[in-house]
Amino acid sequence: MSGATDIAIIGAGPYGLSLATYLHEADADYRIIGDPMASWRREMPEGMLLKSEGFASNLYDPAGRYSLRAFCAERCIDYADVGLPVRLEVFSEYGLSFQKRLVPEVEQKRLIALDRTPRGFALTLDDDECFSARRVVLAVGVAAFRYVPPALADLPPTLLSHSADYGGLTHFRGREVAVIGGGSSAIDLAALLAESGAAVTLVSRRPALEFHEKGEWPRPLSQRLRRPMTGIGPSWRSLFFTAAPAGFRRLPAATRLRIVQRFLGPAGGWFMKDRVIGRVPLRLDCRVDQATAVQDRVRLTLAGRDGASETLSTQHVIAATGYRVDLGRLDFLSAALRAGLRSLAATPVLSRDFQSSAPGLYFIGPAAVSSFGPLMRFACGAEFAAPRLARHLLKRRRGAPATETRRAILARTAPSS
């Protein structure tokens with residue numbers, strides 16, 4: 001082992017970076033490993049607009065010093081709390097600026113092995129460095145959890161890709177592309193591909209594409225009472241999921257899973273409707289029953305709900321079919337460590353402080369969704385997760401002096417639920 005640390009954070013997206021600001025300010029002994037904002041910078045199509053409103057697109061630090069609003073003001077970028085879609089490029093640059101300003105110690109490496117030791121964990125990085133940590137926080141986002149339907153899975157990579165593989169889309173100009181899916185990724189990709197000059201067809205199991213409604217701002221009192229605004233959308237259910245994720249954890253397991261699977265179903269942003277409807281050919285209310293590679297093309301057999309079938313031939317297929325958290329996909333976990341983790345539908349079972357059944361191993365972000373609810377799918381969930389986990393880690397910090405800074409951090413992060 002090359003060294004030891006108290007806490008290792010794996011992942012440098014909104015959750016990992018936000019947590020690190022709390023530990024940094026409290027002078028905690030920690031390391032943060034990851035490529036800052038990598039998923040946002042490399043796994044989403046250029047030109048995409050965030051569905052989250054501006055006020056819900058922040059990273060978080062203890063004093064709230066560096067919001068998206070503040071970043072946009074510095075750079076003279078148009079910004080509104082509500083009603084003005086946030087461009088992907090703006091959010092990515094904001095995240096990088098947040099990291100450079102508040103978490104400059106990020107190590108741009110990749111974890112390739114994690115195992116238990118008598119005193120904590122052994123970690124191996126992609127540069128062959130090995131070190132130990134007493135506690136490990138996995139803030140790995142969704143990159144490892146891409147989902148491709150079985151009907152598509154056997155296609156060769158030259159003919160099949162996932163929506164997270166993009167990036168630029170200009171190389172599809174003049175080519176035929178079938179996008180599979182009915183959510184925001186599929187809708188965004190279909191529009192952007194068409195605008196890039198591709199001959200795109202959108203295939204979805206849904207009988208009609210759904211789009212969020214553009215709300216009025218300022219909102220009339222009647223709307224605020226009927227559908228209060230939250231970081232994940234306007235509704236009383238959304239208010240519960242954002243205000244009381246700790247309360248969500250107390251619901252029966254079957255109820256939590258049902259909510260996670262059904263709440264906030266596939267839908268595009270209000271600003272995408274006119275860019276898709278009437279502009280992109282749609283094959284709705286049908287599923288891909290079979291996908292066959294025929295030389296340099298793909299033949300898709302589509303099965304309708306009424307039993308009818310049709311064939312669609314295309315040059316490339318993009319599975320915009322989202323992500324499914326599955327502990328088995330985290331290939332850096334040792335077999336023994338993975339086998340010892342309690343799980344619910346392949347997601348980790350977590351304590352009120354995000355701790356898994358392996359003492360000292362924590363999960364935040366999308367991997368925590370079945371414990372803390374839909375809020376964990378959104379960047380704004382870091383506002384709850386970062387201070388709550390920081391408080392827990394700092395209270396259990398071995399040999400930590402009761403400094404004024406540390407006491408202030410603990411006071412500011414006192415849980416409200």
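At what angle do the axes of H1 and H4 cross, and within what distance do they come? Please keep in mind that this is a predicted model. The two axes cross at roughly 25 degrees and come within 10 Å. An angle under 35 degrees counts as roughly parallel, and H1 and H4 are therefore roughly parallel to each other. The crossing of H1 past H4 is left-handed. On the H1 side, the contact involves Pro14, Leu17, Thr21 and His24. On the H4 side, the residues are Phe91, Gly95, Phe98, Gln99 and Leu102. By class, the contact of H1 with H4 holds five nonpolar and four polar residues, and no charged ones.

Let me turn to the other packing of H1. Helix H1, residues 14-25, also packs with helix H13, residues 382-395. Here the angle is about 40 degrees, and the axes are 9 Å apart. H1 and H13 are therefore oblique to each other. Their crossing is right-handed. H1 contributes Pro14, Tyr15, Ser18, Leu19, Tyr22 and Leu23 to this contact. H13 contributes Ala382, Ala385, Ala386, Pro387, Leu389, Ala390, Leu393 and Leu394. How do the residues of the contact of H1 with H13 divide by class? There are 13 nonpolar residues, one polar and no charged.

I return now to H4, which spans residues 88-102 and includes Leu88. Is Leu88 buried or exposed? Its relative accessibility is 4%, and residues under 20% count as buried, so Leu88 is buried. Leaving aside residues up to four places away in sequence, Leu88 touches Trp40, Met44, Pro45, Met48 and Leu50. Take Leu50 as one of these: 38 residues separate Leu88 from Leu50 in sequence, while their C-alpha atoms are 6.2 Å apart in space.

The next topic is the cysteines. How many disulfides does the count come to? A disulfide requires a pair of cysteine sulfur atoms within 2.5 Å, and by this rule the count is zero. For Cys72, the nearest cysteine sulfur belongs to Cys76 and is 10 Å away, so by the 2.5 Å rule Cys72 is in no disulfide. Cys380 is likewise in no disulfide, the nearest cysteine sulfur being that of Cys72, 17 Å away. Cys72 is buried, with a relative accessible area of 3%. Cys380 counts as buried as well, at 9% relative accessibility.

Most residues other than glycine have a negative phi, and most peptide bonds are trans.

Asp27 sits in the loop between H1 and strand E2, residues 30-33. With a relative accessible area of 54%, Asp27 is exposed.

Next comes Leu264, which is not a glycine either, yet has a positive phi of about 55 degrees. The loop that holds Leu264 runs between helix H9, residues 253-262, and helix H10, residues 273-276. Leu264 counts as partly exposed, at 34% relative accessibility.

Which form does the bond from Tyr166 to Gly167 take? This bond is cis, with omega near 0 degrees. Gly167 lies in the loop between strand E6, residues 160-162, and strand E7, residues 176-180.

Thank you for your attention.

Definitions and conventions. Residues numbered from 1 in each chain as written. Predicted model: local features only at pLDDT ≥ 70, side-chain atom pairs only at ≥ 80, totals over all residues. Heavy atoms only, no water. Buried < 20%, exposed > 50% of the residue type's maximum accessible area, 1.4 Å probe, protein only. Axes fitted to C-alpha atoms, helices over the stretch in contact; angles between N-to-C directions. Helix = DSSP H or I, 4+ residues; strand = E, 2+ residues; numbered from the N terminus. Parallel < 35°, antiparallel > 145°, perpendicular 65-115°, else oblique. Left-handed = near helix turned anticlockwise from the far one by under 90°. Contact = heavy atoms within 4.5 Å. Nonpolar A, V, L, I, M, F, W, Y, C, P; charged D, E, K, R; others polar.
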